[in-house]
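Keep the sequence and structure in view while reading.

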Amino acid sequence: MRKALADSEIETRRRYPVPAETDPAIEALVQDIIGKVADKWTMLILEALQEQGTLRFTQLGKAVGRISQKMLTQTVRQMEQDGLVHRTVHPVIPPHVDYTLTPLGESLSAAFCGVWIWAEAHHAEILRAREAFAAARKA
């Protein structure tokens, strides 16, 4: 994944201590968003659009790989509903539909980039932990 630019507001707020109380509306929103965007397909679509820019529906499906047309449709609709992607329908026959990340989607991509970097940095450590766990289960 291409390294996205950090969101300066988020980076500033990370320096402050965690508040003692959390707004229940914000907590519910965070849980809802995590439930929607933390799935495999959303992250792969996000990555494809971040790396390749605007893509047609079929190009997006190929970039993601091994996703059914139904799942791709459902996922990009959910992403559009959440304001992460912009869908442009061109009035031609056959229909031509393009998808691109919105600024909100780009900011989520920047946040996800941190997870990607973490995974790269700890890849060997995670593999060792998995191997040790598997060996302990066999014993």
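## Confidence

The model is predicted. Its chain has a mean pLDDT of 89, and 94% of the residues reach 70 or more.

Confidence is lowest in helix H1 (residues 8-14), where the mean is 72. The highest value, 98, belongs to strand S1 (residues 55-56). Where pLDDT is low, the predicted coordinates should not be read in detail.

## Helix H3

Helix H3 covers residues 40-52, 13 residues in total. From its first C-alpha to its last it reaches 18 Å, close to the 18 Å expected at 1.5 Å a residue.

At the start of H3, the backbone nitrogen of tryptophan 41 lies within 3.0 Å of a side-chain oxygen of aspartate 39. Just after H3 comes glycine 53, with a positive phi of about 75°.

Which residues of H3 are buried? They are Trp41, Thr42, Met43, Ile45, Leu46, Glu47, Ala48, Leu49 and Gln50.

## The second largest pocket

The second largest pocket holds about 270 Å³ of space. It is lined by 14 residues, and those closest to its centre are Phe57, Pro95, His96, Val97 and Tyr99.

Helix H4 (57-64), helix H5 (69-81) and strand S3 (96-101) are the elements that give two or more residues to this lining. H5 gives the most, with five residues. By class, six of the lining residues are nonpolar, four are polar and four are charged.

Note on methods
Residues are numbered from 1 along each chain as its sequence is written. This is a predicted model: local features need pLDDT of at least 70, side-chain atom pairs count only at pLDDT 80 or more; totals for chains, interfaces and linings use all residues. Side-chain values use heavy atoms; hydrogens and water are left out. Helices (H or I, at least four residues) and strands (E, at least two) are DSSP runs, numbered from the N terminus. The expected span of a helix is 1.5 Å times one less than its number of residues. Buried means under 20% relative accessible area, exposed over 50%, partly exposed in between (1.4 Å probe, protein chains only). A polar contact is a pair of N or O atoms within 3.5 Å; within protein, one must be able to donate a hydrogen and the other to accept it, and residues adjacent in sequence count only if both atoms are side-chain atoms. On a 1 Å grid over the protein atoms alone, a cavity is a set of points where a 1.4 Å probe fits but cannot get out, and a pocket is an open set with protein on both sides within 12 Å along at least five of seven lines; lining residues have an atom within 4 Å of a point. Grid points are joined across faces, edges and corners, and a volume is the space filled by probe spheres set on the points. Ala, Val, Leu, Ile, Met, Phe, Trp, Tyr, Cys and Pro count as nonpolar, Asp, Glu, Lys and Arg as charged, and the others, Gly among them, as polar. pLDDT is the predictor's confidence in each residue, from 0 to 100.
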